[in-house]
Amino acid sequence: MAPKAASLWPLLVLFSCASAIHRSQFPPPPDFLFGTSTSAYQIEGAYLEGKKGLSNWDVYTHKQGTIKDGSNGDVAADHYHRYMEDIELMHSLGVNSYRFSIAWTRILPRGRFGDVNPDGVAFYNAIIDALVQKGIQPFVTIFHYDIPHELEERYGAWLSPEIQKDFGYFAEVCFKMFGDRVKFWVTMNEPNLLAKFSYMDGWYPPGRCSKPFGKCAYGNSSIEPYIAGHNMILSHVNAVSIYRKNYQEKQGGYIGISVYTRWYEPLRNSTIDQLAVERAISFNVPWILGSNLPQFTLKQRKKLRVTKLDFIGLNHYSTWYVKDCIFSPCELDPVDGDARVVSLAERDGVLIGKETGVSFIYDVPHGMEEVVVYYKQRYNNTATYITENGYPQASDISMTANDFTSDKGRIDFISGYLKFLASAIRKGVDIRGYFVWSLLDNFEWTSGYTARFGLYHVDFKTQKRTPKLSAEWYRKFLQGSLVTRKFQDGSQQQRNSS
């Protein structure tokens, strides 16, 4: 891993203003990565170009009623045709890393049942080469929700152990084709969330669930999320094993996984709600290793023990109150209900944090420190990257760029979370990078285009990119200016040159 920060850095921290956030409160580059995040399906578009195969999301979004605004990612932010422009935007921000994902169906349109697609390989080679030329470290996610639809049709995708062979093959193709320049690999994005959303709630493809979680045509919400989680873990382990055995030593890279992390606080000052918090935390990420999973064989357990992660990626956005549902009556919670809790946004009529443009994210910056300290303690201070953290703005088709560019709420959100992340670093948490979600406004899964997370506004009719104030704020922060959480006025941040 990267060497420890220079000895000068702790001294610089002492001179930073307590009410503001400053680049010097973090280890200097290259020991610390600051970047932006995206994923293939959400920004690329060109869903039938370059000999690409159909993915599960290509098929699912074309079914009526699956996406909030009836949209899809056929074009999205058209990154497939505009990647050079978008890399120039990153370069202008001053980031030293970019987290993106590789579309499985661009590389292997039919999974292991077809050939490697040279057009797809060429596309990602072009992106990686352009990033390296600009001094931007590629931080690559192998699987970010999109999978060849053919694997769903052949054997049920994540519900079958066959997926382990396909995922291992896909990962090895990526290592072989791109690993000479890619030094950071994320095997999967949020498997803990995907298993629930796809197989418990039925919100994501393949849309499987059962009562009381939903009314899907097929599925079993009590069993299938854990079968899928089991196969996801073993697929991840397979990819790590392949990398360790065949590529890591000669390529000199690192491999980890990104998980979705909420933080929780007890609704009431009671033992049962405190126990509910502990259950919610355990079922949020460590649930994948819980008793509901199909049993691992002795060989699988041995493989799990020897494939330790080089790093953990945490995707953190919000904190929630938690109420016990074992001894108290509750409505069903589609995200945390399997922990026998309900998560709530307010207590005694007061919200846990400022509202954002979506109902499932509140601005609770201290949760960032709580989350990373928890993972430090539970996972022996494994090197950690914040692979996603960002702020949504509500959007509809009647709105224009002018409605989004003065995004003071996003600046307040990001700077607040960074402040608590810096505090955790001072307390010894081994944080090595932070990625804003997202570089661009994009297709936000089942929310479609009703939520915008980008530092840059995208007009999805013309594909014009317009920087929001948060882009300028992030650029100034990365340059080493002292920036506060608040604006002095509507157009300019308070800052002092360092």
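Visitor: What kind of model is it?
Guide: This is a predicted model.

Visitor: How many helices and strands does the chain have?
Guide: The chain has 16 helices and 22 strands.

Visitor: What share of the residues is buried?
Guide: Of the 498 residues in the chain, 61% are buried. The chain exposes about 20100 Å². Carbon and sulfur atoms supply 53% of that area.

Visitor: And the contacts, how far along the sequence do they reach?
Guide: Take contacts between residues at least 6 apart in sequence. Of these, 75% join residues at least 24 apart.

Visitor: Let's do charges. How many salt bridges are there?
Guide: A search of the whole structure gives 28 salt bridges.

Visitor: Which residue does arginine 106 pair with?
Guide: Glutamate 44. The N to O distance in this salt bridge is 2.7 Å. Arginine 106 sits in helix α5, residues 104-107, and glutamate 44 in the loop between α2 and α3. The two are 62 residues apart, so the pair links distant parts of the chain.

Visitor: Are those two buried or exposed?
Guide: Arginine 106 and glutamate 44 are both buried.

Visitor: What does lysine 51 bridge to?
Guide: Lysine 51 meets aspartate 119 in a salt bridge, 3.0 Å from N to O. Lysine 51 lies in the loop between α2 and α3, and aspartate 119 in helix α6, residues 118-133. They are 68 residues apart.

Visitor: Why does lysine 51 count as exposed?
Guide: Because its relative accessible area is 58%, and exposed means over 50%. Aspartate 119 is partly exposed, at 31%.

Visitor: Which residue does arginine 465 bridge to?
Guide: Aspartate 86. Their closest N and O atoms are 2.9 Å apart. Arginine 465 is in strand β20, residues 465-467, while aspartate 86 is in helix α4, residues 79-93. That pair is 379 residues apart.

Visitor: How accessible are they?
Guide: Arginine 465 is buried, with a relative accessible area of 9%. Aspartate 86 is buried too, at 0%.

Visitor: Which residues form a network of salt bridges?
Guide: Arg112, Glu162, Lys165 and Asp166 are linked that way.

Visitor: New topic. How many residues of strand β15 are buried?
Guide: Five of its five residues. Strand β15 covers residues 384-388.

Visitor: And what pairs with β15?
Guide: Strand β8, residues 311-315, is joined to β15 by four bridges, and the two run parallel. Asparagine 315 stands opposite glutamate 388 there. Strand β17, residues 431-437, also runs parallel to β15, joined by three bridges. Threonine 384 has isoleucine 431 in β17 as its bridge partner.

Visitor: Cavities next. How many of 30 Å³ or more?
Guide: Six cavities of 30 Å³ or more. The largest cavity holds about 80 Å³ of space.

Visitor: Which residues line the largest cavity?
Guide: Among them are Ala40, Tyr41, Gly45, Tyr47, Lys52, Asp58 and Asp146.

Visitor: What about the backbone? Which peptide bonds are cis?
Guide: Proline 30 lies in the loop between β1 and β2. Another is the bond from tryptophan 437 to serine 438, with omega near 10 degrees. Serine 438 lies in the loop between β17 and β18.

Visitor: What is the phi of alanine 46?
Guide: Positive, about 50 degrees, although alanine 46 is not a glycine. Alanine 46 is in the loop between α2 and α3. Its relative accessibility is 6%, so alanine 46 counts as buried.

Visitor: And arginine 340?
Guide: Arginine 340 has a positive phi of about 60 degrees. Its place is the loop between β9 and β10. Arginine 340 is partly exposed, at 48%.

Visitor: Last one. Where is tyrosine 218?
Guide: In the loop between α9 and α10. Tyrosine 218 counts as exposed, at 60% relative accessibility. Leaving aside neighbours within four places in sequence, tyrosine 218 is in contact with Gly207, Arg208 and Cys209.

Terms used:
Residues numbered from 1 in each chain as written. Predicted model: local features only at pLDDT ≥ 70, side-chain atom pairs only at ≥ 80, totals over all residues. Heavy atoms only, no water. Salt bridge = Lys/Arg side-chain N within 4 Å of Asp/Glu carboxyl O. Buried < 20%, exposed > 50% of the residue type's maximum accessible area, 1.4 Å probe, protein only. Pairing = 2+ DSSP bridges. Contact = heavy atoms within 4.5 Å. Areas by Shrake-Rupley, 256 points an atom, 1.4 Å probe, with all protein chains shown as cover. 1 Å grid on protein atoms, 1.4 Å probe; cavity = no way out; pocket = protein on both sides within 12 Å on 5 of 7 lines; lining within 4 Å. Points joined across faces, edges and corners; volume = space filled by probe spheres on them.
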